[in-house]
Amino acid sequence: MPELTLIVVLVIALALIFDFTNGFHDTANAMATPIATGAMKPKVAVMVAAVLNLIGAFLSTEVARTISGGMIKEGEDGILITPELIFAGLIGAIVWNLITWLRGLPSSSSHALFGGLIGATVIGVGFQAVDYDVVMAKVILPAIIAPIIVGVVAFIATRLAYAVTRREVGRPDGRGGFRYAQVFSSSLVALAHGTNDAQKTMGVITLTLIASGYQTVGTGPEFWVIASCALAIAIGTYTGGWRIIQTMGRGLTDVKPAQGFAAETSTAATILASSHLGFALSTTQVASGSVIGSGLGRRGSTVRWGMAGHIALGWVLTLPAAGIMGAFAAGLALLGPVGIVLDVIIGSIVVAGIYWWSRSSRVTHHHLLHDIDDAGHVVRITKTPRKPARRDRKKVAL
Amino acid sequence: MIDWLAFVVVAGASLISSALIVTLYSLGLRLMTSAGRSPVVGPAEFTGAITVLTPKRAAKEAKRTRKALAANPLTDDQKKLALVGAYACFALCVGAVLFGVYLIVPALHGG
């Protein structure tokens, strides 16, 4: 069936493009802080991030199995979802991603992907085709719980880091040494990103292969799928890095090395643990949670609730909004080949339109460094007093 | 159906590993400083701030840090001990990270 093959190839290509944009989007999560603190040279940081994303993608396949094997139910005669529907879901996810990017809304490419797939499945097959238990247990609950967990962990870790390296007046406290640690902690974040985000695409491609009968139900991703997804995310990460370098020094959140190290360690630990258990997290949300948590761990911090609400709203909106886009695209795709062509045309028009609009100088660094930076602004930190506290002065006098 | 235990595992694992890694590294830094070898080339007063230093300024700061560290209440033996302790902390920290990665990659322990 040549027609079937064509659509499968199309879906795989689209999935890899999605993977590329994911890497492109998220380099900042891992590498913005070490570049900003001068811990790593930009070129080196971007290269390291790309390589570690590549390695990370090979480390585990649990998340991919969650998507390919759990989320969409199998019918009586095998799996019910068709490549056309996956295609529609991907279009929905990509379009929503671009809209949020343009509007500077915090969102999650992972949730856009799930939303699009679920929306497309519901329209194409029906509500009964989605396994809501799996969606709840492995997507929605982790989405809510993981940022909270990582926030608390980052808060404690930041407190610990500051407590252990307490400042003695008149002597250096060595806190600048956290800059070197950040080289490793941010590398771990890049690795963790590869283990979670690259696998989402692997899951989608595997789901497509299963749906079109190339692979048996319940099997994990093939090696070439893993390799191509790893490569796509690594190239995306590398390309995305240049954008960060260009926008450096234009108002990044004030993250201090000790805080940054604590935040990155917590992010990496949480994502790696979750990947291991097959939770499909949004790495951006986890990173945001840890930036907020670690900010609160610093002295003199207050929360800007308005900003926090803005971010939370973006997160909540993503799944249903991408779902609606995916459902719309699926509605068209059900018309047959004509619908698919229509999908491609409409998708291309939206992408081209957004690209054109973004060129007309409306994009600021706010769009480019996006979500994590927003998260950093949730916590307001008053400047630490330069004068030593009374008890410290006494200590010196003694 | 919802595996609440898994969330507890994630929370526990990330808390323990982050706290361990951060504490070990911080302790290493502190011992290093006590030993009179501040690992930093950086400002002595605003150690936390994000500043991309020019080489000239960094050299100046390094000099200042050395000066501040010159007055050290510890004896030479104590300094040596602190330094050994610092390296031990860094080594343990790296070990903890590697162990974590080992646990996660099924290919490494045949599971």
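Predicted model: local features only at pLDDT ≥ 70, side-chain atom pairs only at ≥ 80, totals over all residues.

Student: What is the helix content of residues 6–27 of chain B, and how far apart are the end C-alpha atoms?

Tutor: That span is 100% helix and 0% strand, with its end C-alpha atoms 31 Å apart. Residues 81–105 of chain B are 96% helix and 0% strand, and there the ends lie 36 Å apart.

Student: Which parts of chain A carry that annotation?

Tutor: In the unreviewed UniProt entry, the spans in chain A include residues 111–130 and 308–328. Residues 308–328 of chain A are 100% helix, with end C-alpha atoms 31 Å apart. Residues 111–130 of chain A are 70% helix and 0% strand, and their end C-alpha atoms are 15 Å apart.

Student: How do I check the length of a helix such as H7 of chain A, residues 178–211?

Tutor: Count 1.5 Å a residue: the 34 residues of H7(A) should therefore span 50 Å, and the end C-alpha atoms are 48 Å apart, which agrees.

Student: Where is the kink in H7(A) centred?

Tutor: On Gln199(A), with a kink of about 30°. After the helix comes Gly213(A), which has a positive phi, near 85°.

Student: How many residues of H7(A) are buried?

Tutor: 32 of the 34, so H7(A) is largely enclosed by the rest of the structure. For burial, look for 20 or more other C-beta atoms within 10 Å of a residue's own.

Definitions and conventions: Residues numbered from 1 in each chain as written. Chains lettered and ligands numbered in written order. Helix = DSSP H or I, 4+ residues; strand = E, 2+ residues; numbered from the N terminus. Expected span 1.5 Å × (residues − 1). Bend = angle between axes of the 7 residues up to and from the residue. Buried ≥ 20, exposed ≤ 12 C-beta atoms within 10 Å, placed from the backbone. UniProt positions renumbered as here; feature names shortened; annotations may be inferred.
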